[in-house]
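User: Hi! I'm new to reading protein structures. Could you walk me through a few features?

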Amino acid sequence: MNSARHASIGSSLNRQVAVSFEFNGRRYTGFQGDTLASALLANGVRVIARSFKYHRPRGILAVGVEEPNAFVQVLSPQPEPLALATTLKLEPGLRAVSVNCYPGPRFDIGALLGVLHRLIPAGFYYKTFKSPGRGWPVYEPIIRRLAGLGVVRVSTSSPAQNNPDNTNNSKNAGGSQRQKFAHCDVLIVGCGPTGTAAALIAAQKGVRVIIADCQSIAGGSLPGECYAGPALSWIKRSHESIKQQDNVQYLTDTQVFGFYEHGFLTALQKNSPNNTCLWKIRARQVVLATGAIERPLVFPDNDRPGVMLASAALAYLNQYGVICGRRVVVFCNNNSAYHVAFQLHDQGIQIAAIVDTRSHLDPDVRSCAISRGIVIKPGSTIVRVSAWPILKAVGIAPISCVNGKQGMVGATEEFSCDLIAVSGGWNPSVHLHSQSGGQVRYNNRLACFVPGRTAQASHSAGASNGAFNVETCIDDGFRAGRDALVALGHKTKDFELSLSQQSPTEWAPHTPKADETKKTDKDTNATTNPDPLAIEPCWHLPNPRKHHGFVDFANDVTQDDLALALTEGYESVELVKRYTTAGMGPDQGRTANVNVIGLVADLTGRTPDQVGTTTFRPPFAPVSFGAIAPSSHTPLIRPIRQTPMTGWHVENDAVMYESGAGWQRPGYYPRAHESMATTVERECLAVRLKAGIYDSSPLGKIEICGPGADDFLDRVYTCRVSRLKPGRGRYGLMLREDGRLLDDGVVFKLGENHYWLSTTSGNADVVVAWLEYLRQVVWHAPVFITSVTGQWANTVVCGPLSRQIIEATGTDIPLDVKAFPFMAMSYGNVADLPARVFRVSYTGELSYEINVPARNGRALWEALWSAGQSFGLQAIGSEANHVLRTEKGYISIGHEGDGMALPSDLGLDWAVDQTKSDFIGKRSLITDDPEPDAPKATHRPKLIGLLTTDPQQVLAEGSQIVSANGCSSEGFVTASMYSPTLGRSIALALLNDGKNRLDQLVQVTVQQDATVHRRDKANKEKTTKKFLNSNGLSLCQAKVCPPIFYDQNGSKLRG
Amino acid sequence: MADSIHNMLEPNSSGTVGAGVEILTPPTLIDLKAGNEVAEKIRELNSIVLPTVPNKWVHQASADAIWIGPNHWLIRLPESRGQAMLKRLQKLIPASVGAATDVSAAYTGVTVRRDHAIALLSQGCPLDFFLMNNGDCAQSILARTSVLILCTEKQFEVWFEQSYTNYMLRWLNSRIAQ
């Protein structure tokens, strides 16, 4: 094709600004305002990509979002797979390559699949490659490699560059991906003549209006159409007036792609490839002025580069000045393509012929064609396309309907051409209407589906409602705008005057009267002769050479595939869709669906109405995950919670972890050149020998008071809370109704009817919600529940010297054992800060938890740290905490409390007061359920300790304990580490019937690449790797022991 | 803590920060849960009117009262008078009839000028700020975090749990920069 720019036409171009870009490694130049597609066409590039399945060369079919062929991989400025060349704005530095081809689109090794097409018909993966089964590992990687269009490439910029905190870097990275919520009274989708008319009406009443248009300039398809001057100038004037109104928000380059419940719509604004905004819009009324999409015709080799929708050929000329072909064959079944032919002809482009499947033509268009000297071939079809290496000619043959099917009735005549402009009719864009729950119905006159009953507050109008000329569209737009206002409560009589004021001067569209609101039905089948909009649907055309006739270009589905699906019994259109994948590609059937339905109807002797449509689902157009999750490279991807002492931890080189409920916690505090293992060991020994300090602010904290507090907590906890005296506490378990452990913690009585309880960090919100549910829904209990997790900073000082450290810090609370025993609490001052102190322990040592208001948290921590230095106080992180609690055999929710464990499984029967009349889970604990995992089953997993035969070997947490023959699991390791206190490895595990298996040896799996912590003779840490043995399973032996390794009688924590 | 928070909202190198966002001086916040009779008593003895209409808050000389839920309010007043009020309320409302709990340190608040609010907050909050008037309040999500939003004559106040302070200020900064 000798494509070129027209010298003067091109309404979207700024010819003053040339834009250089790169495609498939070659440099080209376009103009500002071009899309990649228009620029490539202007540069004579015809093959853009290879097709999905057969790797056939594909060019550009359409001009907008409906394009099913021209997908490209953008390399820069912002990598993006599966970008549509027809919507990708040309910008400096744009680099893109073809997809689905190697080494390039003109010669592609994958095209071999086209030769083998008989082996891979529709649904081949249900039939072939199924046996022998052992072959699948061979086929699978090949099929996976061949599948897909484009690859996701993560931006090469560093996380620092993507840091949204840094504005400069953000700009350097080239743009942003944002999200916004918006609300309006009327959302108008589309800003062609219909949308503009609706906006004029809606905006004048002062209601909040959002106009979302997928193009940069208002006008819809008009800028690409012929004879649109008066309408375009009216739209321009109207928009100048609309934009002056504060109540209107106009979103250009915004594709509305989803319509969900309760007037919620999603839209993607794409000002440039790397500058997007995902809009989440809640609208009270929606006007859908989404236009219509031209339909291709299904004829042999209809996918060859050089076959283009007629409207697209004209739009490329009018908007971008691109002459897509010098000698054009127009192939159609309706009048709209004639207008395309006339304007192309008027611009000096030769029309080789108009091939019309209809035998009886509109006299007006026929005479117009004849007056221009254009050859018309009525009652004919294209039966052959000569397109190697480029489109050269077409073979045209007359057709006639024989026995209900089209057949050739004459000789083939050849016409040379370099462009085939195709028009098979128009499909209203009913996608959003359908997504909203609305129904569609088939219109025989227009041979397309139009909106039917609505399910939400939406009003389809214009071409999307089956109105296919400008005047009708504007009328329908006024009607829809008014309907929206009426639905909002405005009176209809208010609009009469204003409507007449808004009418265009060049021509006067019909101004709807108030009582005509609902009279927009285009389904009347009235037969005015001739009907300029009527088309003769032609789903099935003769294909004498049995070449591929594509129905779905994006997924390479041919009419033969549909016939095969029907032959194999898939008659429902939904099944046809699934079996052939028609309509499932990235274009979501925008150009294919109605042809599929029409062909299925034709082949099964039904009408399209009887066949029905498939389900329209969001998104209407492809949306990148980057637009949905824009902060994925940044620290802001999810909320992170910090304690008041986080700054201190960071300043003291703590390695910070993210733990439950989004909390950031110090894992350990390495000194210079200190490994994690050495650091944890040092921190553990400090607690055992001297003292440690840690930040447990994330622990959930809840206050409960009210006249029913005693009874409420007695029912929530397994222990008897009501017997507590003020200032005393108790360890308690919360069970679910099935008796399984929900959470554990301590509960303290602060005063009469007033309690304080702690929960695990990750479960704090869960427990509050659970308690509120019990209070409000189950028991209607007279209690008041207040979460105070954020109110209090919690610092724990633990170890034999902890008491001296707090005293050295300064406190008015007597800390001696008699005055302040284990599980007591007291109010007072610590470091001159008002505090409440709890004597509880999670390390097995003497321990004090000091609560101060969060604002004082860091001050208290620093005071304790300062006072503790002379006592050898060390800060400890969650790693050391994990070791210390495991040595003591304390359980952790999430490790031992795995969601299935009962109190008795964890050796916590002592914490369950069975003498209480009731508590949540009690009935489940005492039931005689015969199920194998029932509470009373004998072989339930029980918490035990494990000591490996090799004391230096550390098991991996999660390792399985397997039976003697290695064939079945008997339990798993819940916690495992090297214990610096014991000088050997220890582990906790849940083992079937573990209580009765003390001192037995069990076999534990060792992970591939398992790290074995050892110490050499100089007591230096070293690690080795252990690999799988020959039978694929590496095992080690461990002895079952009680789960408490340290201070079994609890004398240290009570001391 | 407060200093470091204020530093986070200082203009960055691009000079774009400001945008009408300021950190509120920490007040005393009292989480109040009580029945209707107690609410009446509080009005009589402390001149605090507790709003009973959902999503409303009342600014008054004695203390601001914010509706959180049925029989649930947040009382706000300057720190200088806060502890005295807390003690009065706790005395008036023993644990048997209600709960007055100090949650002053649990929350951080920022203000956003009305003219910036929709542009800024709509980037992470689904509320329709256009419909909010002076005296309205709402509990919602901002940047995936639970927030309480109060509408005053000239600005919006956004309150969130203090553990999210660093995250939320970074988020606000990033959105202001955009």
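Analyst: Happy to! Let's begin with helix axes: these are lines fitted to C-alpha atoms, over the stretch in contact, and the angle between them runs from 0 to 180 degrees. This model is predicted, and in it the axes of α19 (residues 676-689) and α24 (residues 878-888) of chain A come within 9 Å and cross at roughly 55°.

User: What does that angle make α19(A) and α24(A) to each other?

Analyst: Angles under 35 degrees count as roughly parallel and 65 to 115 as roughly perpendicular. The pair α19(A) and α24(A) is therefore oblique. The crossing is right-handed.

User: Which residues of α19(A) and α24(A) meet?

Analyst: From α19(A) come M676(A), V680(A), E683(A), C684(A), V687(A) and R688(A). Their partners in α24(A) are E879(A), A880(A), V883(A), L884(A) and E887(A). Sorted by class, this contact has seven nonpolar and four charged residues, with no polar ones.

User: Now sheets, please. What is the strand order in the open sheet of five strands?

Analyst: Read across chain A, the order is β3-β2-β8-β6-β7, and the pairing is mixed. At the edges are β3 (26-32) and β7 (80-84), each pairing on one side only. From one strand to the next, the twist averages 40°. Look inside the sheet too: β2 (residues 14-23) and β8 (residues 95-98) run parallel, joined by two bridges. There, F23(A) stands opposite A96(A).

User: Where does pLDDT stay under 50?

Analyst: In chain A, one such stretch is residues 156-174, and another is residues 505-529. Chain A averages a pLDDT of 88, and 89% of its residues score at least 70.

How values were computed
Residues numbered from 1 in each chain as written. Chains lettered and ligands numbered in written order. Predicted model: local features only at pLDDT ≥ 70, side-chain atom pairs only at ≥ 80, totals over all residues. Heavy atoms only, no water. pLDDT = per-residue confidence, 0-100. Contact = heavy atoms within 4.5 Å. Helix = DSSP H or I, 4+ residues; strand = E, 2+ residues; numbered from the N terminus. Parallel < 35°, antiparallel > 145°, perpendicular 65-115°, else oblique. Left-handed = near helix turned anticlockwise from the far one by under 90°. Nonpolar A, V, L, I, M, F, W, Y, C, P; charged D, E, K, R; others polar. Pairing = 2+ DSSP bridges.
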